[in-house]
Amino acid sequence: MNASAISTAPEAVGRALSSHRRDVRGSVFRVLLLGSLLVAIGILVTLMVDIVARSLPVWGDRGVVDLISTEISADPARAGIWQAFYGSLILMAFTAAIAFPLGIGAAIYLEEYARDTRTTRIINANIRNLAGVPSIVYGLLGLAIFVKLLGGLTGPNVEGRSIISGGLTLGILVLPIVIITTAEALRAVPSSIREGAIGVGATSWQTIRHHVLPIAAPGIFTGTILSLGRAFGEAAPLLLVGGITTFFSTGDAGFMEVLQGRFSAMPVLVFSWARLPQAEFKALTAALIVIMLIVLLLINATAIYLRNRFEKGVTS
Amino acid sequence: MSKSTEPVFDIDDLSVTYGDFRAVEGITLDIQPNEITAFIGPSGCGKTTVLRCFNRMNDLIESASVEGSIRYHGVDLYGPRIDPVEVRRRMGMVFQKPNPFPKTIYDNIAFGPRVAGHKGDLDDLVEESLTRAALWEEVRGKLAEPALALSGGQQQRLCIARAIATRPDVVLMDEPCSSLDPIATLKIEELMLELKKDYTIVIVTHNMQQAARVSDRTAFFTVDVRDGGVRTGRLVEFDDTGVIFTNPSVQSTEDYITGRFG
């Protein structure tokens, strides 16, 4: 005799197991979720296609290299993005130079050395808040400090509205993001590894340098590179700190003078070109956006590549 | 039969508190050289806590505070001028779950000596450590391979080799076989009996038969539940293993041994 509610005869069991009760609610949800995905993708694809389509005249007439290497001009027939292009590159280099060492260092201290006190927890909470501060506020900060206060250092001939000011502002903007992503990567390292290292007599620093950092490296790389992507796309703070959208020439200026001189950047140029009336500028704006998207794609691809390379080296 | 040699560890009225929680109290015992001493008892009675006092691993827990005295070759381990890093170089520790570094087999062993300042060729030291851990024959051509590719039992023997690479005189083992299969366990027990010729071993184990098989002396811990549900561990009985398992002096020891509780 069996205790089950159904008989154990083969036909009865077969019937019970293959009954396929209809999961209406589940099916409805599945359709809705798929619909959300399709709508989201649809919007993005539409935007992409629209942008690329608008930019086609530029590729036909000018080509990528020509567009990038030509200088900014008010005349659409001769307008290029050169100053904005190298401006963005220099700004990203600045951002990296400031945010990476400071951010990674701060995160290592917070995660590995700082004792778990109320102060530490308050600091951690505030860093999260800083990551959410609107970027234009960072622009105001940059304006107040780097442009007005330190103008003599950052750009004596341009009232402080130089690439240095822009780079410092963007560096501070992404600093909280670098700290948070690095801290998370460090936290993901299993404590058993730390115990093993400390157990054989390694100091805190030796443990961090030889074990924790190598394991956290993929996460740290991803975080830092993605923060560069964020800095690349920012327009508001740069507009406040002096990014210009008209033609300017650096002539035969030396490197330091370039840094302390006027600057432009691709998002800033988009802001300007998008509002110009001439039809050719509509196509140029679209072309500029396409180039920006390609740069962002390359940044993300680098992040993924580096992450994969490091992950392979760590696990077996 | 008591030894008249100098104990390696001399513990007197040791208590450990985590924040407000008194984990273990009033521990007094000694560890003799070249012996295997086992700590047995039910879960939560503080065996691991006491073990981790020996090599100051409890320092890693911020809220931990230690009272009483632990002397290592006569020196107070918690004295003001004692460097915990140096302490840990003289004591190897093997953990419950094998935790080899995600590096090559060679680098796992070499890490400890390297950070201790050992310059020059480590090949001999690596071979010696692996040989003493009964792992050399199985890995001799594969030192450049990842340690994580080894089986569980091999990984644990690797951790033992790593622990003895810094030439400690003490090996502390925290339930080293609890995540291993019986055959791997047996291999490690045989290894322990070999190792005690050169090292002093303290092992925490849940496995009473294991304690009976390998140890020379056994300390039986238990946990007292006080008012408010606070569980504090204490030492019930500490004697030669033979005595503990055949003729214990305290009733609760006998109850635990015969499986009446715990």
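The C-alpha centres of domain 1 and domain 2 of chain B sit 26 Å apart. This is a predicted model, where local features need pLDDT of at least 70 and side-chain atom pairs count only at pLDDT 80 or more, while totals for chains, interfaces and linings use all residues. Residues are numbered from 1 along each chain as its sequence is written, with chains lettered from A and ligands numbered from 1 in the order in which they are written.

Where do the two domains of chain B run? Domain 1 covers 1-90 + 170-262 and domain 2 covers 100-167, with bounds that come from an automatic or database domain assignment. Eleven residues of domain 1 of chain B are in contact with twelve of domain 2 of chain B (contact: C-beta atoms, placed from the backbone, within 7 Å). On the domain 1 side, helix H7 (residues 182-195) of chain B brings the largest share, five residues. Sorted by class, that side of domain 1 has eight nonpolar, one polar and two charged residues (Ala, Val, Leu, Ile, Met, Phe, Trp, Tyr, Cys and Pro count as nonpolar, Asp, Glu, Lys and Arg as charged, and the others, Gly among them, as polar).

Zoom out, and chain B has ten helices and ten strands (DSSP runs numbered from the N terminus: helices are H or I, at least four residues, and strands E, at least two). Its C-alpha atoms fill a box of roughly 55 × 40 × 40 Å along the principal axes. For 262 residues, a compact globule would have a radius of gyration near 18 Å, and chain B agrees, with 18 Å (taken over C-alpha atoms; the globule rule is 2.2 Å times the number of residues to the power 0.38).

Now for the meeting of the two chains. The contact takes 19 residues from chain A and 22 residues from chain B. On the chain A side, helix H9 (191-199) and H10 each supply at least two residues, and H9(A) gives the most, six. That side of chain A comprises six nonpolar, ten polar and three charged residues.

H10(A) also has a partner within its own chain. The axes of H8 (residues 163-187) and H10 (residues 204-232) of chain A come within 8 Å and cross at roughly 150° (axes are lines fitted to C-alpha atoms, for helices over the stretch in contact, and angles run from 0 to 180 degrees between N-to-C directions). That makes H8(A) roughly antiparallel to H10(A); angles under 35 degrees count as roughly parallel, over 145 as roughly antiparallel, 65 to 115 as roughly perpendicular and the rest as oblique. By class, their contact has eleven nonpolar, six polar and two charged residues.

Terms used. Two residues are in contact if their C-beta atoms, placed from the backbone, lie within 7 Å.
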